[in-house]
Every structure is written in structure tokens, then in C-alpha cells.
Amino acid sequence: MQYLKYLFVGVFFGIVLVKSEAVSWYRIFEMFQFQSFHMYGIIGSAVGLGAVGIWLSKKVGVKNSEGRPIALPAKEKSFVRYLVGGSIFGLGWALAGACPGPMYILLGTGAFSVGILLIAAIAGTFVYGLLRSKLPH
Amino acid sequence: MDFLLQPWPWYVSGPLIASVMFVLVYFGKTFGMSSNLRTLCALGGAGRYSDFFRFDWKAQRWNLMVVLGAVLGGYISVRFLSTGAPIALSPETIYDLKMLGFTNAGNTLLPAEIYGWDAVFTLKGMGILIGGGFLVGFGTRYAGGCTSGHAITGLSNLQLPSLIAVVGFFIGGLLMTHLLLPLIFG
């Protein structure tokens, strides 16, 4: 039962991403062509509201459901992994038109060929795990 | 009710995505969809091959529930909350896509030229899905996050690593869209 709330969060997330068309390959292509404000508006307003909300929550000391101050884990300091890893992801994002969240959502919309994409993404993560010690971070 | 069936504008969708992040932060979690790929590896026994996958994946079950919900959400939106009207892409995008051989741009969420079964079972089509998926899976873990973890959560938390990652997302994305897609489809 404690997990049920996460199921609802996921349902809500899935609906928002379909209704915003952010799961569409075409919208990603259009974004990287700078031909519409749509995707920038989505990401920009999410980040804008997110930044104000997080800042305000920390400032007034909002507690989470477990009674502890809200906190977001800091990412480790590095440059190479974020730029190189990010660029590799960007190549895949623009080719497949789907990032990890939309893959599951698209499966739900009945686009079952996305399953191949998902299996390949799992394989990509697996290979990263194998090579991790040899990659610059 | 009609507004629910229409596409939701960015100024509705963006704040709703932020609310997903807030709800997860309130529950003491973080919004990050690509972590599930690592969890799925661990679940499949990848811990035998790399200690990167030797972690307590059971602590990530909540995120797998988000995944399950996302699948359901996808189903609900096309089944009950859609009119089936085409996506209002910009005319330039439709024109550019036509030049690349994509017809009916925006009539469905995904182009049949990539995701239709006829395309999937060609060498090129299979290569695109496997290559694209692999790059996403490899890149997100190398970068330590994807759109939800870095672009939404990390930027909201004003983290420099996430800004570097998002710059990377755009370097890769622009390279693919402007240089490689014309080679692949041209």
C-alpha cells in the first residue's frame, strides 16, 4: 500500500507527458531545430517553478513526509562525465526522440516497438556498468 | 472537460511536471527516470558482472512503481484523454521533415518511418532503435541522470553538474538533428 502513491505519481506523470506531447519524437526534433517554443516553455516553466519552490522550501524549512528537512542529493563534482555522458545521451535522445521516462509512457500508449528501444537502453546502461572503471569521470 | 482532451499548453504542462518533482521530494525521493535502467539491470542479475549493479535495488521499488504508473498513464491518456487530432507542429518542422522523407508529420506521436513495424524490421530501422536506445542508456548513466534528474531536478536545485549535463544534452542533440539525421534519412 505504501507504494500505491508512487503508482499514482507515475500515472499523473505519464498523462502530463502525453498531453504535453513531450513524448513525441516530432516535438524533440522541432525543439532541436529551434522551430517552436513549446518544449522550451515546458522545460523552462518546470525549472523556473522548481527552482523557486525548492529555494523557498529550504528557506522556510519545509519538512518532508518523514519529518526531515527537504533535501536533494548533490551530484559529485566533475566535468568530463557530465559533458561527455550528456552529449552521448543527447545523440540518442534526438535520434530516438525519447528519453528514459517517455519510453515507458510510449509503451503504454501502445507503441510496442519502443520495447526494442527500452531493451537497448538497458543494454547501454549494462555496458556502462562494465566499462565504468575504465572511463574518465 | 474539453480542455482535458485538447493538447495541454506548455504553461500548464511545465508546472505540472514541476509538481511531480515536488511530490517526490516531499516523499523523501528524487525525480529520476534513468535510474530505473540501472535497477532493471540489477534485477536481471547484472551484479554478477559489475559491482555497479551490486546495490540494494529493493530500495528502488518505489521508482519502479512510478514506471508502472507511467505505462498506465500513457494508456489512459490515449484511450480516454485524446481526440486524435494531429500535433500542431510548426510549418517549418513539417517542411524539414518532408525533405527528410517523413510524411504525415504530427499525425501520430511517433513517426511510422522509425517506429512502424515495417521500418523496425529493416537493417536501418533496427539500427536506429538499438543505436538510439543504447546511446540513451549508456549516456544517461555516464552523465548520472537524464531530463528528469538533471534538466528538471538538478537545474531546479541550481547544481552546476546538471547545467554541464544539459549543455551536453544539447551538444549531442544538435549534432544528431542537424548533422546526422540528414545523413541517416537524406
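## Exercise 1: The largest pocket

The lining residues of the largest pocket divide into 11 nonpolar, 15 polar and 6 charged. The model is a predicted one.

Task. State the volume of the largest pocket, and identify the elements that give two or more residues to its lining.

Solution. 
- Step 1. The space in the largest pocket amounts to about 690 Å³.
- Step 2. Its lining consists of 32 residues, and K75(A), T30(B), S35(B), R141(B) and G144(B) are the closest to the pocket centre.
- Step 3. The elements that give two or more residues to this lining are α4 (80-96) of chain A and, from chain B, α3 (35-43), α4 and α9.

## Exercise 2: The second largest pocket

Task. Determine how many residues line the second largest pocket and which of them are closest to its centre.

Solution. 
- Step 1. The second largest pocket holds about 510 Å³ of space.
- Step 2. It is lined by 28 residues, with V78(B), N107(B), T108(B), L109(B) and L110(B) the closest to the centre.
- Step 3. At least two lining residues come from each of α1 of chain A and α6 (112-115) of chain B.
- Step 4. Sorted by class, the lining of the second largest pocket has 15 nonpolar, 11 polar and 2 charged residues.

## Exercise 3: The cavity

Task. Give the count of cavities of 30 Å³ or more, and describe the lining of the largest cavity by residue class.

Solution. 
- Step 1. Rolling a probe the size of a water molecule over the atoms shows where empty space is left.
- Step 2. The count comes to 1 cavity of 30 Å³ or more.
- Step 3. The volume of the largest cavity is about 190 Å³.
- Step 4. Its lining has 18 residues, and those nearest the centre are L17(A), A22(A), C99(A), I17(B) and T147(B).
- Step 5. Two or more lining residues come from each of α1, α3 (38-60) and α5 (100-108) of chain A and α9 (147-156) of chain B.
- Step 6. By class, the lining of the largest cavity comprises 15 nonpolar, 3 polar and no charged residues.

## Exercise 4: Secondary structure of the chains

Task. How many helices and strands does chain A have, and how many does chain B have?

Solution. 
- Step 1. Chain A comes to 6 helices and 0 strands, and its C-alpha atoms fill a box of roughly 45 × 40 × 40 Å along the principal axes.
- Step 2. Chain B has 10 helices and 0 strands, and its C-alpha trace spans about 50 × 45 × 35 Å along its principal axes.

## Exercise 5: Helix α1(A) against α4(B)

Task. Which orientation do α1(A) and α4(B) have to each other, and why?

Solution. 
- Step 1. Two packed helices are described by the angle between their axes and the distance between the axes.
- Step 2. The axes of α1 (residues 4-19) of chain A and α4 (residues 61-80) of chain B come within 6 Å and cross at roughly 45 degrees.
- Step 3. Therefore α1(A) and α4(B) are oblique to each other.
- Step 4. The crossing of α1(A) past α4(B) is right-handed.
- Step 5. Residues of α1(A) that take part in the contact include Y6(A), L7(A), F13(A) and K19(A), and those of α4(B) include W62(B), M65(B), G73(B) and V78(B).
- Step 6. The contact of α1(A) with α4(B) has 14 nonpolar, 6 polar and 1 charged residues.

## Exercise 6: Helix α1(A) against α5(A)

Task. Are α1(A) and α5(A) roughly parallel or roughly perpendicular?

Solution. 
- Step 1. α1(A) and α5(A) pack with their axes 10 Å apart, at an angle of about 90 degrees.
- Step 2. This angle makes α1(A) roughly perpendicular to α5(A).
- Step 3. In this contact F13(A), G14(A), L17(A) and V18(A) of α1(A) meet G101(A), P102(A) and I105(A) of α5(A).
- Step 4. These residues divide into 5 nonpolar, 2 polar and no charged.

## Exercise 7: Helix α3(A) against α9(B)

Task. Describe the crossing of α3(A) with α9(B) and list the residues that meet there.

Solution. 
- Step 1. The axes of α3(A) and α9(B) come within 7 Å and cross at roughly 35 degrees.
- Step 2. α3(A) passes α9(B) in a right-handed crossing.
- Step 3. From α3(A), I43(A), A46(A), V47(A), G50(A), A51(A) and I54(A) meet A151(B), I152(B), L155(B) and S156(B) of α9(B).
- Step 4. By class, the contact of α3(A) with α9(B) has 8 nonpolar, 2 polar and no charged residues.

Note on methods. Residues numbered from 1 in each chain as written. Chains lettered and ligands numbered in written order. Predicted model: local features only at pLDDT ≥ 70, side-chain atom pairs only at ≥ 80, totals over all residues. Heavy atoms only, no water. Axes fitted to C-alpha atoms, helices over the stretch in contact; angles between N-to-C directions. Helix = DSSP H or I, 4+ residues; strand = E, 2+ residues; numbered from the N terminus. Parallel < 35°, antiparallel > 145°, perpendicular 65-115°, else oblique. Left-handed = near helix turned anticlockwise from the far one by under 90°. Contact = heavy atoms within 4.5 Å. Nonpolar A, V, L, I, M, F, W, Y, C, P; charged D, E, K, R; others polar. 1 Å grid on protein atoms, 1.4 Å probe; cavity = no way out; pocket = protein on both sides within 12 Å on 5 of 7 lines; lining within 4 Å. Points joined across faces, edges and corners; volume = space filled by probe spheres on them.
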